[in-house]
Amino acid sequence: VQLQASGGGLVQAGGSLRLSCAASGRGLSSFALGWFRQAPGKGREFVSAISWSGDYTYYADSVKGRFTISRNSATVYLQMNNLKPEDTAVYLCAADPNYVPRIPGELYDYWGQGTQVTVSS
């Protein structure tokens with residue numbers, strides 16, 4: 001499985017961005033896809049995840065009500081609204097070999113290269 005993330009950029013606080021992650025490879029319908037982020041000097045943090053059919057979605061408390069995850073076949077999107085400076089991080093997409101997405105990053109087998117999101121105050 002290969003993952004290609006895109007859509008990051010520089011935005012002012014209160015603005016919006018939409019991240020995309022295109023997945024390719026075999027057996028994608030059995031994989032959940034998730035987003036994680038890592039800020040400078042901090043550990044990797046779960047953001048959101050979705051099952052293949054979109055019937056399961058999970059969000060970190062810090063992004064609930066502001067971020068929306070969706071999936072169109074092998075592409076997963078993260079719509080980020082009302083961005084805050086603390087959302088600044090490298091955002092990584094990852095594939096979990098489980099239909100129902102899980103939170104621990106250690107359970108994800110495949111990772112994309114990440115896309116930088118910077119929110120200015």
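Modeller: Let's start with a definition: two strands count as paired if DSSP finds at least two bridges between them. One thing to keep in mind as you look around is that this is a predicted model.

Biologist: Which residue stands opposite Val90 in strand 11?

Modeller: That's Gln116. Strand 9 and strand 11, residues 115-120, run antiparallel and are joined by 3 bridges. Strand 9 also pairs with strand 10, again in the antiparallel sense, over 2 bridges. There, look for Ala94 with Trp111 opposite in strand 10.

Biologist: And how many of the 8 residues of strand 9 are buried?

Modeller: The count is 7 of the 8, so strand 9 (residues 89-96) is largely enclosed by the rest of the structure. While you trace a strand, here's a handy rule: in a regular strand the side chains alternate between the two faces of the sheet.

Biologist: Now disulfides. Which residues form one?

Modeller: With a disulfide, you look for two cysteine sulfur atoms within 2.5 Å. The structure holds 1 disulfide. Cys21 and Cys93 make it, with their sulfur atoms 2.1 Å apart. This pair links distant parts of the chain, as Cys21 belongs to strand 3 and Cys93 to strand 9, 72 residues apart.

Biologist: Why is the disulfide of Cys21 and Cys93 called right-handed?

Modeller: Because the torsion about the S-S bond is about 60 degrees. As for accessibility, Cys21 is buried at 1%, and Cys93 is buried at 1% too.

Biologist: How about charged side chains?

Modeller: The general idea is that side chains of opposite charge can pair when their charged atoms come close. The structure holds 6 salt bridges. In one of them, the side chains of Asp87 and Arg37 meet at 2.9 Å, N to O. Asp87 is in the loop between strand 8 and strand 9 while Arg37 is in strand 4, so the pair ties together parts that are 50 residues apart in sequence.

Biologist: Is Asp87 buried or exposed?

Modeller: Buried, at 1% relative accessibility. Arg37 is buried as well, at 5%. Both belong to a network of salt bridges that links Arg37, Glu45, Arg66 and Asp87.

Biologist: Which side chain meets Arg102 in a salt bridge?

Modeller: Asp96 does, at 2.6 Å, N to O. Arg102 is partly exposed at 29%, whereas Asp96 is buried, with a relative accessible area of 0%.

Biologist: Last topic: rings. How many aromatic pairs does the structure hold?

Modeller: It holds 6 aromatic pairs. One of them is Phe36 with Trp111, a tilted pair at 5.0 Å centre to centre and 55 degrees between the planes. Phe36 sits in strand 4 (residues 32-38) and Trp111 in strand 10 (residues 110-111), so to find both you cross between distant parts of the chain, 75 residues apart. Phe36 is buried at 2% relative accessibility, but Trp111 is partly exposed at 29%. Trp111 also pairs with Tyr108: the ring centres are 6.2 Å apart and the planes stand at 50 degrees, so this pair is tilted.

Biologist: Which residues do the ring pairs link into a cluster?

Modeller: Phe36, Phe46, Tyr108 and Trp111. A charge comes in here as well: Arg44 lies over the face of Phe36, 5.9 Å from the ring centre. The side chain of Arg44 also meets Glu106 in a salt bridge at 3.8 Å, N to O.

Definitions and conventions. Residues numbered from 1 in each chain as written. Predicted model: local features only at pLDDT ≥ 70, side-chain atom pairs only at ≥ 80, totals over all residues. Heavy atoms only, no water. Phe/Tyr/Trp six-rings, centres within 6.5 Å; stacked < 30°, edge-to-face > 60°. Helix = DSSP H or I, 4+ residues; strand = E, 2+ residues; numbered from the N terminus. Buried < 20%, exposed > 50% of the residue type's maximum accessible area, 1.4 Å probe, protein only. Lys NZ or Arg CZ within 6 Å of the ring centre and 35° of its normal. Salt bridge = Lys/Arg side-chain N within 4 Å of Asp/Glu carboxyl O.
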